[in-house]
Amino acid sequence: MNSCLIRRCALGYLAVLIASLYAAPTGSVRAQGPDLGTEAQRESGRTLYVKNCAQCHGEKGDGEGYATPHLSPRPRDFTTGKFKIRTTPNGLLPIHQDLVNVLRRGMPYTSMPAWPTLTDQEVSDLAYYIKTFSPDFANPEIVPQPVMLPSAPAATNESIEIGKKLYVDNGCVKCHGTLGRGDGPSATTLKDDLGLPIRAADLSQSWTFRGGSSREDIFRTMSTGLNGTPMPSFLDALPPEQRWAITDFIVSLSGSDGPNYSNLVVAKYVPDPIDIANGAASFASAPAVRFPVIGQVTEPGRSFHPPATSVTVQAIYDAESIALLVRWHDMSPENTGTNGPSLPVPPEEEEASGGEGGVTGGSSTGSVFGDEEVAATPGGTEQAAADPFAEPDVAPAGQPSEFSDAVAVQIPAQVPTGARKPYFIFGDSQNPVDLWFFDLARPDPLQFTGRGSGDVASNDTGDLTGIPSYDQGEWSVIFKRPLRASSGAPFTPGAFMPIAFSVWDGLSRERGNRRGLTAWYSLYVEPEIVPSAVGPMVRRALLILAIELLVIGWVRSRYTSRSRKELGGDRTQQPATSV
């Protein structure tokens, strides 16, 4: 009996021990509470915030810094508790590490930079201070917990094909378009939770994704959604394998890990006369290069965040002419209205400009993906999941802009004799530029001479021709001009020419100085017959060999002559012998 009692007691103690072990983790999580840091950490973060962040996000964290009127997308309003890039469920606050990650990496193609110079402790302190702007972070009832994000499986051709079908079936195509260029039928109607216009991400340019371009980053966005934007969470709507399949398809749309920007475009010789009616097919032999586009922010009429982030350029030439193919992505073709390189932009419009990528009607913080989403509820509580399969009422497209899309190619009016180039914003009084301008609401391009943005004069000689086309979110514009035109610098085989580009988005009311532009780059006119390096190498090798043989022969001759003399001298000095 005693042994039985002992066994029962032992089993009882064991059960209590096991129960306590299982209960301990749960108790520790509940006791942990909000992660707000220490007073010293928050004070350190405040100092960093005032120095580095308040100019845009404001001293109160409400996104109303003195730089805000000039920024698009607008800086984040920390007081709302809404953060797009998170590992937590849709509508919830981010965890501390989510804030640290954004601070460390920045948000590409926005005014939010990365902070690699700050130490890990400084970044963490800054994140703690940012939490003080929203009382939701101190609420013990809504302590955020990350969602389960499984490890990435291997991407395969099969998973990409499955993802392509799911991409269409789940409505992604409505906002992002068939090729992911952000040109879906709903693209021009998208708004954020403040009612401001917002652009769907260009999925074919993954390096522009705000939350990161890796497969893991894209899968996280598919799973958690983006608070305050039309991008919903698919965490409950799709199983992980389907979310990974869509992720693989999105990755395949870019075709590369980065933009691979260049600083040189090579014009290839073609034996047949260039016929621009053949379109892009004429440029099959020419390598395509990408140049980054930035906002013109130096002179009044500024565009701080132009919709176009890059242009792709190819060039060919024949015996008489040179032609350039310039392409860029645009969510809608504005081929009505008018545009011009010297149209004025009122100062009040520059101050009021906003919206994602300059979309008219307000300002926004931008999106990475897009479809309809219910706005996050106040207090950081998880919102009811929007039905990603529902058919939303598509809002009617906005009124057509009075301004059309446009593009320009810029070269010096005269071939530079040194390293100095004209001023990159339409030249200067001493170094004018030849401007090939194409208002895409017109059938033909025009030629201008620029001596600065305030002095752009028509100089249409009739030498310039061109043809535009728009297809599935991409403009393709061809310019053609004689190698030696009646106006403008000549193009010479074997020579370099400075070249720059400008792009105007009519939907964003871009015109005149309000535009995206590139810096000066170079165009090289590759000779028709590129000299082979083999011939000169062989000739030089033979010359060196001949010189070596001559030197060796001369040295041997000198040595032989000297030896003979020494031998002759020995015979003369030999004493006679007696017999």
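**A friendly note on this predicted model**

1. The chain has eleven helices and 14 strands; helices (H or I, at least four residues) and strands (E, at least two) are DSSP runs, numbered from the N terminus. This is a predicted model, in which local features need pLDDT of at least 70 and side-chain atom pairs count only at pLDDT 80 or more, while totals for chains, interfaces and linings use all residues. Residues are numbered from 1 along each chain as its sequence is written, and side-chain values use heavy atoms, with hydrogens and water left out.

2. Let us begin with the whole chain. Of its 579 residues, 48% are buried; buried means under 20% relative accessible area, exposed means over 50%, and partly exposed lies in between (1.4 Å probe, protein chains only). Among contacts between residues at least 6 apart in sequence, 69% join residues at least 24 apart. Contact here means heavy atoms within 4.5 Å.

3. Next, look for the nonpolar cores, each a set of buried Ala, Val, Leu, Ile, Met, Phe, Trp, Tyr and Cys residues joined through side-chain atoms within 4.5 Å. The largest one has 34 residues, and those with the most contacts inside it are V311, L324, W328, F479, F491, F501 and L523. Leaving aside residues up to four places away in sequence, V311 touches V289, R290, F291, V293, V326, R327, W328, F501, V503 and T518. Another core, of 21 residues, lies apart from it and includes M107, F209, L238 and F249.

4. Now for a pair of helices. Two packed helices are described by the angle between their axes and the distance between the axes. Helix 4 (residues 96-105) packs with helix 5 (residues 120-131) at about 120°, and their axes are 9 Å apart. Axes are lines fitted to C-alpha atoms, for helices over the stretch in contact, and angles run from 0 to 180 degrees between N-to-C directions. From helix 4, the contact uses H96, L99, V100, L103 and R104; from helix 5, it uses D120, V123, S124, L126, A127, Y128, I130 and K131. By class, this contact has eight nonpolar, two polar and three charged residues. Ala, Val, Leu, Ile, Met, Phe, Trp, Tyr, Cys and Pro count as nonpolar, Asp, Glu, Lys and Arg as charged, and the others, Gly among them, as polar.

5. A second pair is worth a look. The axes of helix 6 (residues 157-169) and helix 9 (residues 240-254) cross at roughly 95° and come within 7 Å. Helix 6 is therefore roughly perpendicular to helix 9, a label for angles of 65 to 115 degrees. S159, I160, I162, G163, K164, L166 and Y167 of helix 6 meet Q242, A245, I246, D248, F249 and S252 of helix 9.

6. Y109, in the loop between helix 4 and helix 5, has phi near 60°, a positive value in a residue other than glycine. Y109 counts as partly exposed because its relative accessibility is 28%. F426 sits in the loop between strand 6 (406-412) and strand 7 (433-439), and its phi, near 65°, is also positive in a residue other than glycine. With 0% relative accessibility, F426 counts as buried.

7. Finally, which residue is 7.9 Å from D136 in space, C-alpha to C-alpha? That residue is L93, 43 residues apart from D136 in sequence. D136 is in the loop between helix 5 and helix 6 and is buried, with a relative accessible area of 12%.

Notes. Angles under 35 degrees count as roughly parallel, over 145 as roughly antiparallel, 65 to 115 as roughly perpendicular and the rest as oblique.
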